[in-house]
Amino acid sequence: MQFLKEEECCAEQQLLPPVSPNGLFFNSSAVSLVILAVFETEEPISLPSSRVVHLLDTRLLPVHPRFSSIIVTGEDGVKRWEKVAEVNLQDHIKTPVFPEGKSPEFYDRCFQDYFHKISGEKFSEGRPLWEFHLVKYPTLNAAGNVIFKIHHAIGDGYSLMAAMISCFTRSDDPSLPLTFPKNRIRRSSAAHGPLTSAVNTASDMWFSFSKTKFSEDDLSPIRSGDPAVGSRPVSVVTMTFPLDDVKEIKGRLGVTVNDVMTGTIFLGTRLYMQEMDPGSQAAETTAMVLMNTRMLQSYNSIQEMAEPKTTLAWGNHFAFLHITVPKLIGMSDGDELPSRRRALEFVRTTSATIQKKRFSLAISLTAKLLDLYRKLKGHEATASYLYKALKSTSMAVTNMVGPLEQMALADQPVKGMYFVVAGTLHDVFVTIVSYMGQLRVSVVAEKGFIDHDKLKSCIQMAFHHIYESSCH
């Protein structure tokens with residue numbers, strides 16, 4: 001199921017466009033989603049306030065008018081982006097103060113508490129929908145942390161990654177641009193058969209519709225069914241996987257990097273469910289996998305994305321794909337772990353399902369139907385429908401591609417990065433980002449319901465098992 005396409009910018013420079021259907025959904029009474037990107041610094045943060053202000057003023061604000069705009073409702077009832085007279089950058093820069101002279105373990109807990117606090121806070125009214133947080137204390141993973149907090153209405157991960165990295169330079173040579181892995185899109189053979197395509201389209205649309213209207217996922221160790229999900233406290237854990245190991249699995253199985261990681265997450269999730277409740281291995285479990293629909297090979301320049309009539313598309317352009325998580329039933333050979341051959345089926349099955357759904361006509365047809373529904377019922381009614389589509393599933397998975405080279409923020413080298421989505425409607429939300437030959441996986445899990453350390457351990461175990469099964 002796909003959200004609607006962003007509307008084109010108005011031709012007149014002084015008139016900003018209406019908020020897109022996606023933007024309205026992400027900023028509706030049903031859902032309010034925020035992206036938080038964390039950049040871990042290699043050295044203690046020593047940026048003076050004046051330099052941060054200059055950096056944001058000269059690098060971030062020029063990226064797109066939405067970084068200096070707010071959402072207003074016009075006399076015609078249409079919500080539009082409206083540029084503010086002046087962006088007071090000091091209002092957007094946050095620098096928390098913790099007790100001095102403590103250990104990295106202490107500051108790690110402080111950072112986690114602070115991160116959880118800001119992830120649930122609403123943006124101040126009358127200000128553009130973003131913040132820049134400098135946490136100048138050493139944690140277990142970094143000498144300092146920089147957090148970009150940006151409302152999803154401004155754009156999707158593709159747009160915001162391009163915007164955020166506009167503030168960074170290459171650590172080895174600031175005069176050179178950051179580069180990104182090429183995204184080699186593997187075409188599905190099913191896309192070439194009209195009859196197969198028609199059958200897949202009908203099947204996908206019915207599955208998406210029925211999952212939204214009639215058949216919610218079973219309650220399980222990863223789905224509480226609590227209507228308050230999205231507003232309850234969460235915890236965040238991260239883990240790192242060598243990209244070379246992932247590529248080795250990819251080459252052996254003939255799939256994509258995304259397929260390997262999604263299959264790993266699915267297997268790790270099933271192992272967690274089995275450990276927490278052996279009876280849950282039969283539970284119907286569906287993941288919403290978010291896919292970029294631009295079908296591009298790499299990031300485009302900010303200049304290209306910001307052009308008023310570009311087809312390279314700033315904004316929210318992605319699909320929500322309903323992917324059934326394979327079950328562990330019958331996959332073990334008397335062990336707690338699945339057999340080698342059948343463990344790899346998680347990756348192969350995930351790959352085949354994603355490829356089939358990604359090239360299904362259901363994506364474009366659903367977008368048109370949602371657009372029609374929005375025109376007839378309004379954006380709040382459409383948001384409620386999409387809310388049900390998200391709420392009926394058990395988990396969400398999304399990914400972004402990061403730079404190949406090490407970044408620096410005003411001469412501050414960045415050793416690691418990850419991102420999360422706050423305000424989600426799932427008890428488990430998994431994000432993946434690549435950076436400097438590593439894949440960083442982050443798990444946002446509901447506190448008190450999900451044992452995040454055990455879930456992390458199960459995902460790591462699943463990757464180890466898949467790697468050993470495919471490469472040794």
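The lining of the second largest pocket comprises 22 nonpolar, 15 polar and nine charged residues. In this classification Ala, Val, Leu, Ile, Met, Phe, Trp, Tyr, Cys and Pro are nonpolar, Asp, Glu, Lys and Arg are charged, and the others, Gly among them, are polar. The model is predicted: local features need pLDDT of at least 70 and side-chain atom pairs pLDDT 80 or more, whereas totals for chains, interfaces and linings use all residues. Residues are numbered from 1 along each chain as its sequence is written, and side-chain values use heavy atoms, without hydrogens and water.

The volume of the second largest pocket is about 1100 Å³. Of its 46 lining residues, Ser32, Val34, Gly120, Glu121 and Lys122 are the closest to the centre. A pocket is an open set of points on a 1 Å grid over the protein atoms alone, where a 1.4 Å probe fits, with protein on both sides within 12 Å along at least five of seven lines; lining residues have an atom within 4 Å of a point. The volume is the space filled by probe spheres set on the points. At least two lining residues come from each of β1 (34-41), β2 (69-73), α4 (104-120), β8 (234-242), β13 (412-422) and β15 (438-446). Helix α4 supplies five residues, the largest share. Helices (H or I, at least four residues) and strands (E, at least two) are DSSP runs, numbered from the N terminus.

Two residues other than glycine have positive phi values. Asp411, with a phi of about 75 degrees, lies in the loop between β12 (407-409) and β13. Its relative accessible area is 57%, which makes Asp411 exposed. Met436, with phi near 55 degrees, is in the loop between β14 (428-435) and β15; at 35% relative accessibility, Met436 is partly exposed. Buried means under 20% relative accessible area, exposed over 50%, and partly exposed in between (1.4 Å probe, protein chains only).

Helix α2 (residues 49-60) contains 12 residues and extends 15 Å from its first C-alpha to its last, close to the expected 16 Å. The expected span is 1.5 Å times one less than the number of residues. Val52, Leu55, Leu56 and Leu60 of α2 are buried. Viewed down the helix axis, the buried residues of α2 fall within an arc of 90 degrees, so they line one face. The arc is taken from the directions from the helix axis to the C-beta atoms. The buried residues of α2 pack against α3 (89-92), β4 (93-94), β5 (130-135), β6 (144-151), α5 (157-165) and β12, contact being heavy atoms within 4.5 Å. Exposed Ser50 and His54 are on the face of α2 turned away from its buried side.
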